[in-house]
Amino acid sequence: MARKMLIAGNWKMNGLLADGAALAKGVAEEVKKMGKPQCEFLVCPPFTLLTTIKKALRGSKVALGAQDCHIAEKGAHTGDISPVMLKDCGCQYVILGHSERRADHGESSELVNAKAQAAYGQGLKAIICVGETLAERDAGKALDVCTRQILDSVPESATWQNTVIAYEPVWAIGTGKVPTTKDVEEVHAAIRKTLAKKLGKGNANRMRILYGGSVKPNNAKELLGLEDVDGALIGGASLKVEDFINIAKNSGAC
Ligand code: PEP
């Protein structure tokens, strides 16, 4: 069963009202020019821009996502945003367990698992991120670390429809460094094998596994052409319309 490639932009803590709207409109216009693209497009701006970007994307094929959510629907959680609120803003996706949240906010895989379940409860699709640090890769533990994170972060109720996995080696994020294609293939294959054990082959074969970490127009073909790579989670290069769109075009799959 063919998996539809997902080209997702993680804007992180970037963008104000005017430039965020311009970026989203630029992406929407370029996607429109592509006619009937074979891949899906998604942008994940910061919370403050969600409603503005929703308006900017009106009528386009570009989906809207957020970068995190709380496990509760509402209540006394100062500074947090619930999946109900994300749904209310028009989100279809939410990124969970990004390495920056795991590092900056001490998020555990168990918490990521609970957040994913809360997201499913509102009909949101979870993009669950996993990935090893440089020290873990150098110690030969990349596969073990990613396998453990998948086992603990992905809920039993995950399906290919409600979940996307993103493999993002921590040392490749924002550094310009990328793993070898052999290493990417090896981790993606291991992730799919682990998903098959946990969720059954039917789900594992159809669930999308994105690669993230310094994806640029000039390495998109090589990375996104790999067997088990079903799209990209893109940070820095998602902040420029041209780069984001050229990643999709150069992938050869859109
Ligand atoms: C990310 O933060 O998800 C990411 C992959 O960032 P970058 O593309 O900038 O490495």
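This is a dialogue on reading selected features of a predicted model.

Trainee: Let us start with helix α11. Which of its residues are buried?

Mentor: Helix α11 runs over residues 241–251, and its buried residues are F244, I245, I247, A248 and S251.

Trainee: Why do they fall on the same side of α11?

Mentor: The general idea comes from the helix repeat. An α-helix has 3.6 residues a turn, so residues three or four places apart point the same way. In the present case, the buried residues of α11 are F244, I245, I247, A248 and S251. They cover an arc of only 145 degrees around the axis, and therefore sit on the same side of α11.

Trainee: Which elements does that buried set pack against?

Mentor: The partners are strands β1 (6–10), β2 (40–44) and β8 (231–234), together with helices α1 (17–33) and α10 (220–224).

Trainee: What does the backbone do just after α11?

Mentor: G252 follows, with a positive phi of about 80 degrees.

Trainee: Now the ligand. How many residues surround the ligand, and which are the closest?

Mentor: The ligand is surrounded by 14 residues, and the closest are K12, E168, G174, S214 and G235.

Trainee: What is the make-up of the shell around the ligand?

Mentor: Eight of its residues are polar, four are nonpolar and two are charged.

Trainee: Which atoms of K12, G174 and G235 lie by oxygen atoms of the ligand?

Mentor: For K12, a polar side-chain atom lies 2.5 Å from an oxygen atom of the ligand. For G174, the atom is a backbone N or O, 2.7 Å from a ligand oxygen. For G235, a polar backbone atom is 2.8 Å from an oxygen atom of the ligand. The ligand exposes 290 Å² when taken alone, and the protein buries 97% of that.

Trainee: What does the side chain of D230 make a polar contact with?

Mentor: Its partner is the side chain of R192, at 2.8 Å. Leaving aside neighbours within four places in sequence, D230 is in contact with R3, K4, M5, L6, R192, M207, R208, I209 and L210.

Trainee: Which residues are in contact with H188, and which does T194 touch?

Mentor: Neighbours within four places in sequence are set aside in both cases. H188 is in contact with Y167, I209, L210, Y211, D228 and V229. T194 touches T147, I150 and L151.

Trainee: How should I compare separation in sequence with separation in space?

Mentor: Take the two values as a pair for each case. T194 and W11 are 183 residues apart along the chain, and their C-alpha atoms are separated by 29 Å. D19 and L239 are 220 residues apart in sequence, with a C-alpha to C-alpha separation of 9.8 Å. A114 and H70 are 44 residues apart along the chain, and their C-alpha atoms are separated by 8.9 Å.

Trainee: Where are D19 and A114, and how accessible are they?

Mentor: D19 is found in helix α1 and is partly exposed, with a relative accessible area of 44%. A114 is in helix α5, residues 109–121, and counts as partly exposed at 27% relative accessibility.

Notes:
Residues are numbered from 1 along each chain as its sequence is written. This is a predicted model: local features need pLDDT of at least 70, side-chain atom pairs count only at pLDDT 80 or more; totals for chains, interfaces and linings use all residues. Side-chain values use heavy atoms; hydrogens and water are left out. Buried means under 20% relative accessible area, exposed over 50%, partly exposed in between (1.4 Å probe, protein chains only). Helices (H or I, at least four residues) and strands (E, at least two) are DSSP runs, numbered from the N terminus. The arc is that of the directions from the helix axis to the C-beta atoms. Contact means heavy atoms within 4.5 Å. A residue is near a molecule or strand if one of its heavy atoms lies within 4 Å of it. A polar contact is a pair of N or O atoms within 3.5 Å; within protein, one must be able to donate a hydrogen and the other to accept it, and residues adjacent in sequence count only if both atoms are side-chain atoms. Accessible areas come from the Shrake-Rupley method with a 1.4 Å probe; for residues, only the protein chains shown count as cover. Ala, Val, Leu, Ile, Met, Phe, Trp, Tyr, Cys and Pro count as nonpolar, Asp, Glu, Lys and Arg as charged, and the others, Gly among them, as polar.
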